[in-house]
Amino acid sequence: MKKILCDSYEEICRVAADFYTRQLGDKPDSILGLATGGTMIGLYEELVRRYQEGKIDFSKARSFNLDEYYPIKKSHPQSYDSYMRENLFDKVNFLKTSLPDGEAADPIAECSRYDEELESAGGIDLMLLGIGVNGHIGFNEPAKTYHLGTNLVGLTESTLVANSRFFGPGERQPDQALTMGIGSIFASNKILLLISGTSKGQIAGRLFEGNLHTDVPACLLLLHPDVTIIIDREADGG
Ligand code: PGA
C-alpha cells in the first residue's frame, strides 16, 4: 500500500487527476470504477478542467459506479445517477457509463445484472474509493460477513447521519443501497483511495495501524497488491 501525503484537499485532487491522465494515456479504453461523495467533487472538477483543456480524453473509456441508493429515481437530485451526470458525465465524453439501477423493480436481480455487465466489460482497471467515517468502502458497511458481488445493503446509522447533509429538511433519505461487493473492488487492477479532512482522521489512523481490523472494511485493502492512498494532512493527523 502506497501513501501520498498532500498539503491540501486541492493537492489531493490534482494528484488523483494525474492518475487518470496517466491511466487514459496508457490505456485509452480503460474501465474506470467511480465513486461519489463530497471527497470526489474536487477531483471531478479537475478532470472536467483537464478535459476542457484537451489534456484528457474519455472517448474510449467506460465507467462503473460503486453504488446507488435504493430505491431512488434517477432524476432525484440526491441519486448518484444525478450526482455523476452533474459533476462528470454531462461534462466529459465517456464512451459508456454504468451505475446500479436504483429504480429496478427487483433489487436482487439488479445486483446480478450489474455484476454480469461488469464481468463482460472485463473488470476494472482503476477503482476510485472514498472512505466512510465508519470505514466503509462503497456502501460495504462494517459487518461480520462481506459480500463479494453487488448486493443490497441497509445503511448504518453513522452513514445515514454523515450523508444526511445532502438531503433537505423533510426530504426522504433512502436507508438502503445497491453496492459493488468487496470481490468486485478487489478484482480491480489498481485502487485509488482518497481521504480528506479531520472527520476521517480517526478511521485513517486505524487503517494505517496496518492490522486487519475486520470491523473496518477499508482494512481489507491492506491485502490488495496495488492500492494508493492519497490523503491530506488534516486526515493524516488521526
Ligand atoms: P464523503 O463520502 O466523500 O462524502 O466523505 C465518502 C464515503 O462515504 O465513501
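Two strands are taken to pair if DSSP finds at least two bridges between them. Helices (H or I, at least four residues) and strands (E, at least two) are DSSP runs, numbered from the N terminus. The model is predicted: local features need pLDDT of at least 70, side-chain atom pairs count only at pLDDT 80 or more, and totals for chains, interfaces and linings use all residues. Residues are numbered from 1 along each chain as its sequence is written, and side-chain values use heavy atoms, with hydrogens and water left out.

β7 pairs with strand β8 (residues 176–179) in the antiparallel sense, over four bridges. G154 has Q176 in β8 as its bridge partner. Both strands belong to an open sheet of three strands, ordered β4-β8-β7, with antiparallel pairing. β4 (67–70) and β7 (151–154) are the edge strands, each pairing on one side only. From one strand to the next, the twist averages 30°. Helix α4 (residues 107–121) packs on this sheet and touches β4, β7 and β8 (contact: heavy atoms within 4.5 Å). The direction of α4 makes about 130° with that of β7. Axes are lines fitted to C-alpha atoms, for helices over the stretch in contact, and angles run from 0 to 180 degrees between N-to-C directions.

The ligand is surrounded by G37, G38, T39, G130, I131, G132, H136, R165 and K200 (a heavy atom within 4 Å). For K200, a side-chain N or O atom is 2.7 Å from a ligand oxygen. The protein covers 85% of the 280 Å² of accessible area that the ligand has on its own (Shrake-Rupley method, 1.4 Å probe).

Notes. Polar contact = N/O pair within 3.5 Å; in protein donor to acceptor, adjacent residues only side chain to side chain.
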